[in-house]
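Here is a short briefing to read beside the sequence and the 3D view.

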Amino acid sequence: MNAIDPRYPIGRYRRPETASKKDIDTWIEAIETFPARLEKALGGMSQVQLDTPYREGGWTVGQVVHHCADSHMNSFMRFKLALTEEMPTIKPYLEAKWAELPDAKELPIQSSLMLIKGLHHRWVVLLKSLSTDDLSKTFIHPENGREMRLDHTIALYAWHCNHHLAHIGLVG
């Protein structure tokens with residue numbers, strides 16, 4: 001029996017070969033339900049649990065929540081850039097350093113939970129409005145120079161939601 005890798009408890013992200021309408025709908029649903037699933041996963045956690053890393057050398061549960069807010073804000077902006085500009089090069093951010101800033105290490109999670117709830121509401125309205133042409137729009141990620149399609153980015157963030165929920169589950 002293989003042990004679960006706590007870095008990737010649901011496995012590493014694998015970009016889908018294709019993205020059917022059903023796939024897109026499933027991925028959007030994962031993004032849409034993330035705020036409620038996150039609140040449920042956090043329900044009843046003590047401050048000690050929130051301050052506990054999900055693995056040795058990993059972030060605390062609180063840092064994971066703040067990271068999701070940071071990451072999903074960045075993704076939302078990348079969608080808007082790709083929809084309004086021709087193949088923009090996005091601005092990456094140093095997520096590990098962001099997780100060490102005082103707002104991610106010291107602030108209670110409630111502010112990020114509120115942000116995630118509002119952000120996901122707007123994000124899902126945008127995602128559900130995308131046409132087939134919109135889904136094929138791209139942005140350039142400068143760290144690897146790759147074009148990132150919006151349909152594949154929806155898949156990535158559905159995985160990202162589930163990935164971090166699994167991290168929280170390692171502590172809860």
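Is His164 buried or exposed? With a relative accessibility of 4%, His164 counts as buried. Keep in mind that this is a predicted model.

**Around His164**

- His164 sits in helix H8.

**Cysteines**

- The whole structure was searched for disulfides, and zero were found.
- Take Cys68: its closest cysteine sulfur belongs to Cys161, and the gap is 6.9 Å.
- A disulfide needs the two sulfur atoms within 2.5 Å, so the sulfurs of Cys68 and Cys161, at 6.9 Å, are too far apart for a bond.
- Seen from Cys161, the closest cysteine sulfur is the one in Cys68.
- Cys68 is buried, at 1% relative accessibility.
- Cys161 is buried as well, at 0%.

**The nonpolar core**

- In soluble globular proteins, nonpolar side chains tend to be buried together.
- Here, the largest nonpolar core holds 43 residues.
- Ile31, Leu38, Leu42, Phe79, Leu127, Ile154 and Ile168 have the most contacts inside this core.
- Helix H8 gives the most, with nine residues.
- Which residues does Ile154 contact, leaving aside its neighbours within four places in sequence? They are Ile24, Trp27, Ile28, Ile31, Phe79, Leu127, Leu130 and Leu135.
- Among these contacts of Ile154 are Ile31, Phe79 and Leu127, which are also listed with the most contacts inside the core.

**At the surface**

- Leu94, Trp98 and Leu101 make a nonpolar surface patch.
- The patch covers about 270 Å².
- Where is Leu101 found? Leu101 lies in the loop between helix H4 (95–98) and helix H5 (102–105).
- Leu101 is partly exposed, with a relative accessible area of 42%.

- Ala36 belongs to helix H1.
- Ala36 counts as exposed, because its relative accessibility is 52% and the cut-off for exposed is over 50%.
- How many residues apart in sequence are Ala36 and Leu113? They are 77 residues apart.
- In space, Ala36 and Leu113 are 9.6 Å apart, C-alpha to C-alpha.

Notes. Residues are numbered from 1 along each chain as its sequence is written. This is a predicted model: local features need pLDDT of at least 70, side-chain atom pairs count only at pLDDT 80 or more; totals for chains, interfaces and linings use all residues. Side-chain values use heavy atoms; hydrogens and water are left out. Buried means under 20% relative accessible area, exposed over 50%, partly exposed in between (1.4 Å probe, protein chains only). Patches are made of residues with over 30% relative accessible area and no salt bridge: like charges are joined within 9 Å, nonpolar side chains (Val, Leu, Ile, Met, Phe, Trp, Tyr) within 5 Å. Accessible areas come from the Shrake-Rupley method with a 1.4 Å probe; for residues, only the protein chains shown count as cover. A salt bridge is a side-chain nitrogen of Lys or Arg within 4 Å of a carboxyl oxygen of Asp or Glu. Helices (H or I, at least four residues) and strands (E, at least two) are DSSP runs, numbered from the N terminus. A nonpolar core is a set of buried Ala, Val, Leu, Ile, Met, Phe, Trp, Tyr and Cys residues joined through side-chain atoms within 4.5 Å. Contact means heavy atoms within 4.5 Å.
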